[in-house]
Amino acid sequence: MTERLRPRDVALLAEESTTTPMHNATVEIFEPGPAGFDYARLVELVQDRISFVPRYRQRVQFVPGRLANPVWVDDEQFDIGFHVRRSALPRPGSLEQLRELVSRIVSRPLDRSRPLWEIYVVEGLADGRFALLTKSHHVLVDGIDTVDIGQVLLDTSAEPKELGADEWRARRAPSPFSLMAGAVKDSATDAGTVVDTVRTTTGSVLRGAAAGARTTGRVVDALTNRTPRAESPIIGPLSQQRRVVTVRTDLADHRKVREAHGASINDVVLAAVTGGLRAWLMTRGESMRGIRKIRALVPVSVIDDDLEATALGSQIAAHFVDLPVGEASPLVRLHQVSYSFLAHKEAGRGIPATRLAGLSGFAPATFHALGARVAGAERRKGYQLCVTNVPGPQAPLYAAGARMVATYPVPPLFEGRPLAIGVTSYDGSVFYGFNADRDMLPDADLLAQCLREALDELVDTASPSRTRAPRGRRKKKPEQP
C-alpha cells in the first residue's frame, strides 16, 4: 500500500530550486567516549536506528501524466553509504573551518532520485572532537509519520543502547501502469484524492504564472534601467551559496534577564536577536534609514484541535512579531517583544517550554523542521525573517557513547529572504544558528558579535552593579565550539 504526498508537500517540491533547497540542517559537536567514534560507528548507529524512521528508506515516485499526487515507495537501491558520509578538517580544525564546510554542504540540494537525507561525520576538530551534520528535506519530516533522524540517534546515557538492525527488505516499486491504475482507482473511490490532485495542479499553474510574472518584471526593469527597491535590507534575491554563522551563549544569562523583568526565555532570545540585528544594520550605515521594525515569523507550539496533530504532542502555528530594531533601549525592545506574545499567552494555547524540553528523545531538530514547514506555508504573508526557538533538554545527550557538547540549527532560506535564524537551548547553553545568503549578506559574520553585545546589554539591565559593556565594536574573542 503506497502513501501519497499531500498537496503541501508537493508544493514544497515544486518550489524547490538551486537557490532555494528545501532542507533543514543541524550541526552537532561531540566529545568522543572511551571507545572512540568514527565513520564505521556512525554507519552502525544509523543502521541500528533507521527502522524508527521508515520513510528515510523511501523515495518520491511521480505518477505518469500527473494523474494524482506522487507516492512514497521503498528505495530498492537503498545505499547507506550514499547517505552517511565522511569528511574531515585539517587538524586541529576550528569552528570557523567547520562553519565554512557546513556552508558549502547545506548549499547543495538533495538528490530527488533517492531518499531525501544525508548525514556527515566531520573529523579533525580541535581537542579530538568531531561533528555530525544532518540534512533532511521538508517533505520527509512532517512530525506525523516521521521525525528527524537526529532525534533517534541520541541517548540520555553514555552507555550505548544496542537495538539491533532490522531485517528490512525493500518492497518492489510499482510499475508506471500500476501507478496510473492506482491513481484512477483512488480518484474514483476517494474524493480526497481528487481534491488533492486539483489543489496540486492549480497550485502548480499559479506558481508558474507567478514565476513568469517575476521574470517579466525583471526583464522590464533591466530594459528600463530601473532597479527594484527592496522593502528591507534583509529582502532580496538568493544565490546558490550560503554562509552559516553560529553563536554559543549561556542559558544562565537569559534566565537572569527573564527573572529581572518578568519575561520568558523566548522573549529574551527575540530581544537579543532584535538588538543584534539593530547593531548589525547600523554597521551598514544607510541601511538603517527609515527602518523601525522587521516583521518576523516565529513558529510557536500550541494545543489546537483545528490544526494537524503531530506525534510530538502539540501543533506548530505561525506567530508574527514586529522586531523593534529602531528602538535604542534594550529594555524597551524586550518589553515590546514580550507584549507581542501577551495575547498568545492569555489564550491558553501555548505549550510551556518545560514540557517541550521534557519530550522523549531530542526533539529540537524535529521542531525546527516543523517550524520551517510553517514558515514555508506562510511565505506570502509578507514577513521578512523567520526565527525558530526550540527548548531542549538540560542534561547531556550521547551518540554511541560520545557526548554532545553543542547543537546549532541551520534553518532553510525561502525565496526573497536571505536570512533565517534558529535557536536551541541545551545543557546550560543557548545555541544560535544563522543561515545567510553568501552574496546578499557578505558581512553575516558580524551578526555573531552584534548578538553577543545585544545579550550583554540585556544582562546589564538586570545587573546594576555589573560593569557595562563598552559600546561599539570590540575585539573578537576566540569562540568555543
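Okay, one definition before we start: two residues are in contact when they have heavy atoms within 4.5 Å of each other. Keep that in mind, and remember that what we're looking at is a predicted model.

So, the overall picture. Among contacts between residues at least 6 apart in sequence, 78% join residues at least 24 apart. The protein has 481 residues, and 53% of them count as buried. In terms of elements, you'll find 14 helices and 15 strands.

Let's go to a sheet. Six strands make an open sheet, and the order is β5-β6-β7-β2-β13-β12, with mixed pairing. Which strands stand at the edges? Those are β5, residues 84-93, and β12, residues 398-399; each has a single partner strand, so one side of each has no neighbour in the sheet. There's a helix on this sheet too: α4, residues 95-106, packs on it and touches β2, β5, β6, β7 and β13. The direction of α4 makes about 150° with that of β5.

Inside that sheet, look at β2, residues 23-31, beside β13, residues 402-410. They pair in the antiparallel sense over 7 bridges.

Now hop from Ala25 to Ile119. In sequence these two are 94 residues apart, yet C-alpha to C-alpha they are 9.5 Å apart in space. Ile119 sits in strand β6, residues 117-125. Is Ile119 buried or exposed? Its relative accessible area is 0%, and anything under 20% counts as buried, so Ile119 is buried. And who surrounds it? Setting aside neighbours within four places in sequence, Ile119 is in contact with Leu42, Val46, His83, Val84, Arg85, Leu133, Thr134, Ile149 and Leu153.

Next, a strand from elsewhere: β11, residues 385-391. Here 7 of the 7 residues are buried, so β11 is largely enclosed by the rest of the structure. A bit of background: in a regular strand, side chains alternate between the two faces of the sheet. In β11, Leu385, Val387, Asn389 and Pro391 point one way, while Cys386, Thr388 and Val390 point the other way, and all are buried. β11 pairs with β14, residues 419-426, in the parallel sense over 6 bridges. In β14, Ser425 is the bridge partner of Pro391.

There's also an open sheet of 3 strands, in the order β1-β4-β3, with antiparallel pairing. Its edge strands are β1, residues 3-4, and β3, residues 58-61, and each pairs on one side only. Between β1 and β4, residues 71-74, there are 2 bridges, and Glu3 stands opposite Trp72 in β4.

Last stop, a pair of helices. We describe two packed helices by the angle between their axes and the distance between the axes. For α9, residues 265-282, and α14, residues 446-461, the axes come within 7 Å and cross at roughly 125°. That makes α9 oblique to α14, and the crossing is right-handed. What kinds of residues meet there, by class? The contact has 14 nonpolar, 2 polar and no charged residues. On the α9 side they include Val268, Leu277 and Trp280, and on the α14 side they include Leu446, Cys450 and Leu458.

Definitions and conventions:
Residues numbered from 1 in each chain as written. Predicted model: local features only at pLDDT ≥ 70, side-chain atom pairs only at ≥ 80, totals over all residues. Heavy atoms only, no water. Helix = DSSP H or I, 4+ residues; strand = E, 2+ residues; numbered from the N terminus. Buried < 20%, exposed > 50% of the residue type's maximum accessible area, 1.4 Å probe, protein only. Axes fitted to C-alpha atoms, helices over the stretch in contact; angles between N-to-C directions. Parallel < 35°, antiparallel > 145°, perpendicular 65-115°, else oblique. Left-handed = near helix turned anticlockwise from the far one by under 90°. Nonpolar A, V, L, I, M, F, W, Y, C, P; charged D, E, K, R; others polar. Pairing = 2+ DSSP bridges.
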